[in-house]
Amino acid sequence: MSTPVEKRKTAALATPTDLKSNAIQDISGALAALLADTFALYLKTKNFHWHMSGPHFRDYHLLLDEHAEQIFAITDEMAERARKIGGTTLRSIGHIGRLQRLADNDADYVTPEDMLAELCDDNRQLISLMRETHDVCSEHNDVATTSLLENWIDEAERRHWFLFEITRQAK
């Protein structure tokens, strides 16, 4: 016979919502993968922030810190949105590793130019992944999540734009 504590550990997360169970599964799954990518981009941005060097150190160091803060700021909203609709979200670093689609960079040294170019590409890829998640939410008429995604896409487009302009070659 199970104890009350054991029963609570296995109890369903019965969050009330008017979304159908397949919508909850699709949306929370898409949000979990997007959250994994967001954490991966956050950590890479902080990695490059910590390891920045060169003549533009101060400007790049501060820019990447600003970007990291912005990226990290959406993680809680993303996870809580999945919970609000009755889904689940990430549970561990291992879970992030299994779901993330953005590549890590564990190199001992990366030039400042390569750091910025890689982050530019990663933000562009994140924008695309956000749009895919937006499509999933739209299919299920989840206007609240699509609205959040529209703001997150706008922020990511701004980061991409800044990184693009910094890495643009003079002609």
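# Reading cavities, pockets and helix packing

Trainee: How many cavities of 30 Å³ or more does the count come to?

Mentor: The count comes to one cavity of 30 Å³ or more. Keep in mind that this is a predicted model. As a general idea, rolling a probe the size of a water molecule over the atoms shows where empty space is left.

Trainee: How much space lies in the largest cavity?

Mentor: The largest cavity holds about 40 Å³ of space.

Trainee: Which residues line the largest cavity?

Mentor: Look for E66, H67 and Q70, then for R158, R159 and F162. Two elements, α3 and α6 (143-167), each give two or more residues to this lining. By type, the lining of the largest cavity has one nonpolar, two polar and three charged residues.

Trainee: How do the axes of α3 and α6 cross?

Mentor: The axes of α3 and α6 cross at roughly 165° and come within 11 Å. Angles over 145 degrees count as roughly antiparallel. Therefore α3 and α6 are roughly antiparallel to each other.

Trainee: Is the crossing of α3 and α6 left-handed or right-handed?

Mentor: That crossing of α3 and α6 is left-handed.

Trainee: Now the pockets. What volume has the largest pocket?

Mentor: The largest pocket has a volume of about 310 Å³.

Trainee: How many residues line the largest pocket, and which lie nearest its centre?

Mentor: There are 14 residues in the lining of the largest pocket. Nearest its centre lie F39, A40, L43, K44 and D104.

Trainee: Which element gives the most to the lining of the largest pocket?

Mentor: Helix α2 gives the most, with six residues.

Trainee: How do the residues of the pocket lining divide?

Mentor: Seven residues in the lining of the largest pocket are nonpolar, four are polar and three are charged.

Trainee: Let me step back. How many helices and strands does the protein have?

Mentor: The protein has six helices and zero strands. Along the sequence, its pattern reads α-α-α-α-α-α. Taken along the principal axes, the C-alpha atoms fill a box of roughly 70 × 35 × 20 Å.

Trainee: At what angle do α2 and α3 pack?

Mentor: Helix α2 packs against helix α3 (residues 57-84) at an angle of about 160°, and their axes are 9 Å apart. That angle makes α2 roughly antiparallel to α3. The crossing of α2 and α3 is left-handed. Its contact residues divide into 15 nonpolar, seven polar and three charged.

Trainee: And how do the axes of α2 and α5 cross?

Mentor: The axes of α2 and α5 cross at roughly 165° and come within 10 Å. So α2 is roughly antiparallel to α5. The crossing of α2 and α5 is left-handed.

Trainee: How far does α5 reach from its first C-alpha to its last?

Mentor: Helix α5 (residues 112-139) has 28 residues and reaches 41 Å. That is close to the 40 Å expected at 1.5 Å a residue.

Conventions:
Residues are numbered from 1 along each chain as its sequence is written. This is a predicted model: local features need pLDDT of at least 70, side-chain atom pairs count only at pLDDT 80 or more; totals for chains, interfaces and linings use all residues. Side-chain values use heavy atoms; hydrogens and water are left out. On a 1 Å grid over the protein atoms alone, a cavity is a set of points where a 1.4 Å probe fits but cannot get out, and a pocket is an open set with protein on both sides within 12 Å along at least five of seven lines; lining residues have an atom within 4 Å of a point. Grid points are joined across faces, edges and corners, and a volume is the space filled by probe spheres set on the points. Helices (H or I, at least four residues) and strands (E, at least two) are DSSP runs, numbered from the N terminus. Ala, Val, Leu, Ile, Met, Phe, Trp, Tyr, Cys and Pro count as nonpolar, Asp, Glu, Lys and Arg as charged, and the others, Gly among them, as polar. Axes are lines fitted to C-alpha atoms, for helices over the stretch in contact, and angles run from 0 to 180 degrees between N-to-C directions. Angles under 35 degrees count as roughly parallel, over 145 as roughly antiparallel, 65 to 115 as roughly perpendicular and the rest as oblique. A crossing is left-handed if the near helix is turned anticlockwise from the far one by less than a right angle, and right-handed if clockwise. The expected span of a helix is 1.5 Å times one less than its number of residues.
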